[in-house]
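Please look over the sequence and the structure shown here before reading the notes that follow.

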Amino acid sequence: DPGQYLTLENAQARLAELREYAAENFVVAAAVYLAAYILFTTLSVPGALLFTLLGGAVFGLLWGTVLVSFASSIGATLAFLLSRLLLHDWVQRRFGDYLAPLNRGIERDGAFYLFSIRMVPLFPFFMINLLSGLTTIRLREYYIATQSGMLLATIVFVNAGVELAQIETMSGLISGPVLISFALLGIFPLVAKFAVDSMRRNRILKPFKKPTRFDANVVVIGAGSAGLVASLIVAGSKAKVILIEKHRMGGDCLNTGCVPSKTLIRSARIAAWFKRANEFGLKNAHAETDFPAVMQRVKDVIRQIEPHDSVERFTALGVECVMGEARIVSPYTVEVNGRAINTRAIILATGARPQVPEIPGLAAIDYLTSDSVWSLEQLPERLLILGAGPIGCELAQAFHNLGSRVTLLEQAQNILPREDSDVAELLTDRFRAEGITVVTGHKVTGFTRLGNEASVTATNQSSTVNIGFDRVLLALGRKANVEGFGLEALNMPLTPQGSIEVNDLLQTAFPNIFACGDVAGPYQFTHMASYQAWYAALNALLGRVKSTRINYRVVPWATFTSPEVARVGLNEQEAGAKNIAYELTRYELADFDRAIADGENSGFIKVLTVPGKDRILGVTIAGYHAGEMIGEFVFAMTHGMGLKKISAVTHIYPTHTEANKFAANAWRSARLPVRLFPWLEKYFRWQRNE
């Protein structure tokens, strides 16, 4: 009867034997226990919790704590050395995904980071041992951080073992001491986390004098999309917020980004429709570009939207707006216009600027960027655009439609390098059919100017091209604005990409300084800046009481070319790079009724799903109004809905969003139970009495 070994009476008998033996042969029992614990820990065998409870049950609270503390620390250190000396490659392959954050933490905070994850384990005990061996932490620091970091948890768990050993009947499980020990097991991680957070906060902020009185709850630096939203949230919470902007309210989006570019694209698209008038049965349609009038319309649209982001509106909503250059003096103090502002928290929303690389001869060229292109008064006859990302592609097609001869030059093998190759191919074919010169796979080596003639030289492995131009527009990405307002003096950590390093609370290395928007990355989109601002503001106000973690599971974006390209989640390129399995459903817009009626039936919808399920991993749409169509998939992914839900929605006919339903139906059609069809055919034949 194996059940006899699983009874409480049997457990008590065996435990009593162990305790009696330990009492009579303490040194031997302790040595055996110590050696076994060290061996299991060294070999990274899971089960340290059971060993710890057993130590408390057999040796009591004092000696149990001593034995477990040293055994676990020595075993962890031996596992650390084993990993460092023998298992480097194996551990890297097996646990490489977990290693990056640990390395960053060790490099930034050294032994304190290890101490904190010992206090509040972010990883399983054995995994910390193995991964630590791959970092640069010194052996002595590792042992001290391990021994001290695990001490409190050891006491709590050993105490639980002591109390469990006192149980004589099942009703003993609800006795006071046992319930208290269980409560300690649950409360300890919360208390430990609070203690570690307090230690980290005090350690980082200790060199700076904390004011006795604060002028604001939050100071926001930068009045772009992120800064404006963060300010509104703080003010809406009835807290005191001061918003500082050195240039123009509204930031890049209003003044040099989304608003002017989409206004220009609208004018350019209307010009393109005139060129296609014959397709729609319209004869003798003709339009001439009045470029100064187009640019004036851009300014007028900005002026019309400006009140939404104005000082007057935000002041009326409870935000104190200050125009001037901010400088962070300490994590508690910001200076502007000679005024020192003491604040509980700071939110950095300083945005980004166009990247200008060091290319021979570029300094002698009067180049344009996405910031300065709006100062153009005359349409360039020959426009060269460097960089075929979203900004480069949008402006290339827009200026071509307005009448420029455009050359688009990209170092990568495809335009829109972040998108799948079939998306790039579709857009490249459209550009070339329209008359845009597309050159990919060539790296710029230098600019030259002879009199009024300027040219660029670009090479690849087999050829060199020389391209003449009248104006050149740099669209080579954007660089976070992290200089000139005090971060250097604080030694603020930055990412390899040059943005401010933040955690999933959008907290910087300083616990009361947060960052959001382009300056924090990783997504430099207006809507993501607003999304991040929500979390930054909440955590700046309430982070010590309740923190809210951001996630980037559902991130949409669009490139407003014709056809548009919109995406959310994974595409095939990213799924392959991350080794994520997926099933692909593709719906071609060539046969879609509304697209045919509009004369815009090029493109497709691609949906990546979990194998065997309808859960959406990502969607790419290339086609007319893709930026609007993607919204249904964004909603579905955000709320955990699959393709079956989209398929069940009634869409208006004929609308472009109906294509989403057809894509969902294509997924269902590919999974019909075709093996049952012959039986169904026989059944229906029987119903007809045939």
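Of the 13 residues of helix H15, how many are buried? H15 is mostly covered, since 11 of its 13 residues are buried, where buried means under 20% relative accessible area, exposed over 50% and partly exposed in between, with a 1.4 Å probe and protein chains only. The model is predicted, with local features needing pLDDT of at least 70 and side-chain atom pairs counting only at pLDDT 80 or more, while totals for chains, interfaces and linings use all residues. Residues are numbered from 1 along each chain as its sequence is written, and side-chain values use heavy atoms, with hydrogens and water left out.

**Helix H15**
- Helices (H or I, at least four residues) and strands (E, at least two) are DSSP runs numbered from the N terminus.
- H15 covers residues 390-402 and reaches 18 Å from its first C-alpha to its last, close to the 18 Å expected at 1.5 Å a residue, the expected span being 1.5 Å times one less than the number of residues.
- Among the buried residues of H15 are Cys-393, Glu-394, Phe-399 and His-400.
- Gly-403, which follows H15, has a positive phi near 125 degrees.

**Strand E22 and its partners**
- Strand E22, residues 616-623, is mostly covered, with eight of its eight residues buried.
- Strand E19 (residues 564-569) runs antiparallel to E22 and is joined to it by six bridges, and two strands pair if DSSP finds at least two bridges between them.
- Gly-569 stands opposite Gly-618 in E22.
- Strand E21 (residues 604-609) also pairs with E22 in the antiparallel sense, over six bridges, and Ile-605 stands opposite Ile-621 in E22.
- The hairpin of E21 and E22 has six residues between the strands, and Gly-612 there takes a positive phi near 80 degrees.
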